[in-house]
Amino acid sequence: MKTLVVLPTYNEILNIEPMLRALRNVVPDCDVLVVDDGSPDGTANKADNLSAELGSIHVLRRSEKSGLGGAYRAGFSWGLEAGYDHFVEIDCDFSHDPKALPDLLRAAESSDVVIGSRYIKGGSIPQWALSRRLLSRGGNQYASLMLGLGVKDATAGFRVYSDDALRGIDFANVRADGYGFQIEMTYRAKQAKLSITEVPISFVDRELGESKMSGHIVIEALLLVTKWALQRPFGR
Ligand SMILES: Nc1nc2c(ncn2[C@@H]2O[C@H](COP(=O)(O)OP(=O)(O)O)[C@@H](O)[C@H]2O)c(=O)[nH]1
Ligand SMILES: [Mg+2]
């Protein structure tokens, strides 16, 4: 496998170095593409400086903050062009434990799409209060039911895609950002009849830096799921 870890960043100056070092230790054979949206805190420069020491780290600089979905679309295009055959999605805040990545990559040997899932046996979100858990779980059940996803954690952002999966999904035409982006990718994977495997992960809150996601992406996701469900061809 020739694997590219796509790491979207916006103001992750406190996390970028530990994250790149962790990835280098855990998956030394994987290349990394940092997709930075012009972070004013210098995240991209820090990543560039580390690339000399750590090797195989590329930095894609975009001029302004334009959402997680856009960052992944740009990263996937770059990686396909460069000839990678597997693509990892992971947040740069240690909510996704890089140590779980080998498990996901192993599953990717026999599945087009692998999702690090909080809502299958063995998965967990130890720090979340019941209210937040119910909101996330409920949103996932709604999306799964409305779109026939057959997936327990469609909003999860710790994933592996094969190159063929990305082409089958036609990712460049995915419109949504935030959680909606993950759901839309899953829905398109399902429609393209790709195999999807969920692997249990533990999702923890970030310790350093601040969340970049705002409340409106939850609403965006709910509206999009409802819209897609209404447009969905019967039985698909
Ligand atoms: N390039 C880029 N990265 C982003 C953007 N928004 C969030 N991120 C990154 O996406 C990952 C997840 O974002 P985060 O703020 O932790 O979202 P949360 O976990 O849902 O609160 C982190 O690595 C962020 O730095 C964006 O607009 N552009
Ligand atoms: Mg986060």
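How many salt bridges does the count come to? Here are some friendly notes that lead up to that and beyond.

1. This is a predicted model, in which local features need pLDDT of at least 70 and side-chain atom pairs count only at pLDDT 80 or more, while totals for chains, interfaces and linings use all residues. Residues are numbered from 1 along each chain as its sequence is written, and side-chain values use heavy atoms, with hydrogens and water left out.

2. The count comes to 15 salt bridges, each being a side-chain nitrogen of Lys or Arg within 4 Å of a carboxyl oxygen of Asp or Glu. One pairs Arg-206 with Asp-93, at 3.4 Å from N to O. These partners lie 113 residues apart: Arg-206 is in the loop between strand S7 (196-200) and helix H8 (216-231), and Asp-93 in the loop between strand S4 (86-89) and helix H4 (101-108). Helices (H or I, at least four residues) and strands (E, at least two) are DSSP runs, numbered from the N terminus.

3. Now look at ligand 1, which 19 residues surround (a heavy atom within 4 Å). Among the closest are Glu-12, Asp-37 and Arg-206. The shell divides into 8 nonpolar, 4 polar and 7 charged residues.

4. Asp-93 turns up again here: a polar side-chain atom of Asp-93 lies 2.8 Å from an oxygen atom of ligand 1. The backbone takes part too, with an N or O atom of Pro-8 2.8 Å from a ligand 1 oxygen, and a polar backbone atom of Val-35 3.1 Å from a ligand 1 nitrogen.

Technical notes:
Chains are lettered from A and ligands numbered from 1 in the order in which they are written. A polar contact is a pair of N or O atoms within 3.5 Å; within protein, one must be able to donate a hydrogen and the other to accept it, and residues adjacent in sequence count only if both atoms are side-chain atoms. Ala, Val, Leu, Ile, Met, Phe, Trp, Tyr, Cys and Pro count as nonpolar, Asp, Glu, Lys and Arg as charged, and the others, Gly among them, as polar.
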